[in-house]
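Dear colleague,

I am passing on the structure below, together with notes on what was found in it. Please read the notes with the coordinates open beside them.

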Amino acid sequence: MGDFSDKVFEQVRRIPRGKVSTYGQIARLIGSPRSARYVGWALRGNSEPVKVPCHRVVFKDGRLAEGYAFGGEETQRALLEDEGVTFVDECHVDMAACLWDPERDAQGRPTDIDWEREMAEDE
């Protein structure tokens, strides 16, 4: 699953702070629209959760991942709240306000990758 996982990680790195994506959205972005479950498996094997912010990936209805591999649903929610993501109830992200629009990012909105690049250049 190496190439697939690499593609998933590349897209997940693009999700900016304060936004979320869905497993299906990531699958479509990598050209495998019917592979949402495999996106989840790839993220479960993420060895660099700081660099690949898999906590920003949720179900299409905004529900958090009960089996979030890095501390459970409560940890995922806390990480998202720290980034400014809003919720409509205990376990559903406000998708109308927080769903990532990759086309908008492509038109100049900075992503975490851009921020990391700027930080590296300042050093």
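This is a predicted model: local features need pLDDT of at least 70, side-chain atom pairs count only at pLDDT 80 or more; totals for chains, interfaces and linings use all residues.

Residues are numbered from 1 along each chain as its sequence is written, and side-chain values use heavy atoms, with hydrogens and water left out.

The overall picture

The protein chain holds seven helices and four strands, which follow one another from the N terminus in the order α-β-α-α-β-α-β-β-α-α-α. Of its 123 residues, 41% are buried, where buried stands for under 20% relative accessible area, exposed for over 50%, and partly exposed for what lies in between, with a 1.4 Å probe and protein chains only. The accessible surface of the protein chain is about 7400 Å², and carbon and sulfur atoms account for 48% of that surface (areas come from the Shrake-Rupley method with a 1.4 Å probe, and for residues only the protein chains shown count as cover). Among contacts between residues at least 6 apart in sequence, 63% join residues at least 24 apart.

Helix 1 against helix 3

Helix 1 (residues 2–14) packs on helix 3 (residues 36–44) at an angle of about 85°, and their axes are 9 Å apart; the axes are lines fitted to C-alpha atoms, for helices over the stretch in contact, and angles run from 0 to 180 degrees between N-to-C directions. The two helices are therefore roughly perpendicular, a term that covers 65 to 115 degrees, while angles under 35 count as roughly parallel, those over 145 as roughly antiparallel and the rest as oblique. From helix 1, the residues Phe4, Ser5, Val8, Phe9 and Val12 meet Tyr38, Val39, Ala42 and Leu43 of helix 3. Eight residues of this contact are nonpolar, one is polar and none is charged, on a scheme in which Ala, Val, Leu, Ile, Met, Phe, Trp, Tyr, Cys and Pro count as nonpolar, Asp, Glu, Lys and Arg as charged, and the others, Gly among them, as polar.

Helix 4 and the residues after it

In helix 4 (72–82), the buried residues are Gly72, Gln76, Arg77 and Leu80, and they pack against strand 2, strand 3 (87–89) and strand 4 (92–93). After helix 4 comes Gly84, with a positive phi near 95°. Glu83 sits in the loop between helix 4 and strand 3 and is buried, at a relative accessible area of 14%. Not counting residues up to four places away in sequence, Glu83 touches Arg17, Gly18, His55 and Arg56.

The loop between helix 3 and strand 2

His55 belongs to the loop between helix 3 and strand 2 and is buried, with a relative accessible area of 7%. The side chains of His55 and Glu83 make a polar contact at 2.9 Å; such a contact is a pair of N or O atoms within 3.5 Å, where, within protein, one must be able to donate a hydrogen and the other to accept it, and where residues adjacent in sequence count only if both atoms are side-chain atoms. Beyond four places in sequence, His55 touches Tyr68, Gln76, Leu79, Leu80 and Glu83. Asn46 lies in the loop between helix 3 and strand 2 as well; Asn46 is buried at 5% relative accessible area, and touches Phe9, Val52, Cys54 and Phe70, again not counting residues up to four places away.

The loop between strand 2 and helix 4

Asp61 is placed in the loop between strand 2 (57–58) and helix 4, and is partly exposed, with a relative accessible area of 41%. Its side chain reaches the backbone nitrogen of Arg63 at 3.0 Å. Leaving aside neighbours within four places in sequence, Asp61 is in contact with His92 and Met95; the C-alpha atoms of Asp61 and His92 are 7.3 Å apart, although 31 residues separate them along the chain. Ala65, placed in the loop between strand 2 and helix 4, is buried at 8% and, with the neighbours within four places left aside, is in contact with Tyr23, Phe59, Glu73 and Gln76.

Key: Contact means heavy atoms within 4.5 Å.
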